[in-house]
Amino acid sequence: MSVSKGLENVIIKATRLTYIDGERGILRYGGYDIEDLVNNSSFEEVAYLMLYGKLPNSLELRKVKERIQDFEIPENVIHILEELPKDADAIAMMETAFSSLSSFYNAYWIGPRERALEVIGKAATIVANIYRIKEGMPTRIPEPSESYAKSFLKAIFSDVSDMEIKAMNASLILYADHEVPASTTADLIVASTLSDMYSCVAAALSALKGPLHGGAAEEAFKQFVEIGDPSNVEAWFNKVIAEKKRLMGFGHRVYKTYDPRSRIFKKLAKELKSERGGKYLEIAEKLEEVGTRHFAEKKIFPNTDFYSGIVFYSIGFPIYMFTPLFALSRTLGWLAHAIEYVEDDYGMIRPRALYVGSEKRSF
Ligand code: CMC
């Protein structure tokens with residue numbers, strides 16, 4: 001027996017959901033290229049694809065929209081969020097809300113796809129109200145509209161443009177799944193014990209919260225703020241290299257070329273043409289150029305988190321919302337993987353540890 005450090009290259013299950021080719025920079029959900037899904041579909045259609053294995057027809061899409069836009073959550077859960085410190089970590093708040101929801105609902109594995117859509121609907125209410133509570137605004141339940149992205153944005157900012165809705169929809173699709181990173185693995189461990197779906201999401205959120213995983217978009221954006229002006233990029237980058245620090249938003253365990261999502265986020269950041277985000281976009285583009293030149297030999301390229309923060313910031317979100325936005329979208333992937341795991345009957349996850357302690361001793 002030997003230890004598999006970080007479970008690297010351990011295959012935990014087979015999946016029909018997401019395909020990643022790290023050498024060629026390809027990401028597909030259910031066989032569709034991520035670019036095609038972003039250009040042609042809504043988050044609701046992708047949710048149907050991930051949960052039911054095919055794109056919906058118009059009747060199926062109407063049904064999925066109805067269910068995913070059931071935004072009601074018990075008032076007590078909103079009150080629990082209101083009781084938390086205003087400067088609480090936003091993901092910790094989200095986790096508290098999900099743990100609380102598991103006291104109200106029995107989202108077990110009967111009719112799991114319908115349950116999953118309901119969980120995703122409630123996630124929008126939670127994330128929107130984390131923002132509203134932290135900003136000292138009255139709480140608000142999103143109202144159903146033509147799209148999940150629009151309902152979510154309107155619950156946060158009353159005025160939203162078509163371009164902002166388009167960018168939100170694209171972000172929801174881009175972050176919806178990425179096979180089995182740490183958070184999805186935590187989610188699978190909980191699902192494997194046949195615990196409920198809200199508990200699966202709470203566990204995944206705990207894993208996502210760590211700085212090695214979900215926080216990279218926030219950290220990447222903070223770099224742009226620190227740099228302050230495109231003319232400072234070279235000097236700032238040289239200092240990072242001299243101090244042997246990591247360039248956040250660069251590098252990936254699986255991609256050894258451009259993460260395809262980073263190109264789409266960059267395009268969206270440009271399309272948004274926001275006054276708020278414009279300066280940071282210029283800095284990011286310069287940093288991308290300097291960083292890819294320096295790291296080319298090591299095959300370290302921008303990952304999805306490099307430009308996503310600029311998109312979120314341009315829409316109007318503060319930095320602390322970047323990871324909750326990632327989590328909102330990834331709730332779909334967490335649940336789709338959990339359902340696949342339970343239905344394919346992989347059994348309870350129970351690895352072994354290699355004992356290296358003392359030999360038998362007399363007491
Ligand atoms: N900046 C500088 N050096 C880097 C970076 C980076 N961003 N990424 C990797 N390296 C170097 C690292 O120092 C090491 O060098 P050496 O061999 O000389 O010691 C080599 O590349 C391999 O690094 P590793 O950490 O063993 O490789 P990994 O495959 O585990 O790295 C990673 C993946 C994401 C942890 C890493 O690239 C990283 O820390 N990136 C910055 C954080 C980040 O952007 N994370 C978001 C990941 S994508 C979204 C998500 O999954 O949440």
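Visitor: Which residues have the most contacts inside the largest nonpolar core?

Guide: This is a predicted model, where local features need pLDDT of at least 70, side-chain atom pairs count only at pLDDT 80 or more, and totals for chains, interfaces and linings use all residues. Residues are numbered from 1 along each chain as its sequence is written, and side-chain values use heavy atoms, leaving out hydrogens and water. A nonpolar core is a set of buried Ala, Val, Leu, Ile, Met, Phe, Trp, Tyr and Cys residues joined through side-chain atoms within 4.5 Å. The largest one here has 116 residues, and those with the most contacts inside it are Tyr-29, Phe-98, Phe-152 and Phe-317.

Visitor: Is His-252 buried, partly exposed or exposed?

Guide: His-252 is found in the loop between α12 (233-242) and α13 (260-272), with helices taken as DSSP runs (H or I, at least four residues) numbered from the N terminus. Buried means under 20% relative accessible area, exposed over 50%, and partly exposed in between (1.4 Å probe, protein chains only). His-252 comes out at 25%, so it is partly exposed.

Visitor: And what about Asp-305, buried or exposed?

Guide: Asp-305 is found in helix α15, residues 305-315. Its relative accessible area is 7%, so Asp-305 counts as buried.

Visitor: Which side chain makes a polar contact with the side chain of Asp-305?

Guide: A polar contact is a pair of N or O atoms within 3.5 Å; within protein, one must be able to donate a hydrogen and the other to accept it, and residues adjacent in sequence count only if both atoms are side-chain atoms. At 2.4 Å, the partner of Asp-305 is the side chain of Tyr-175.

Technical notes: Helices (H or I, at least four residues) and strands (E, at least two) are DSSP runs, numbered from the N terminus.
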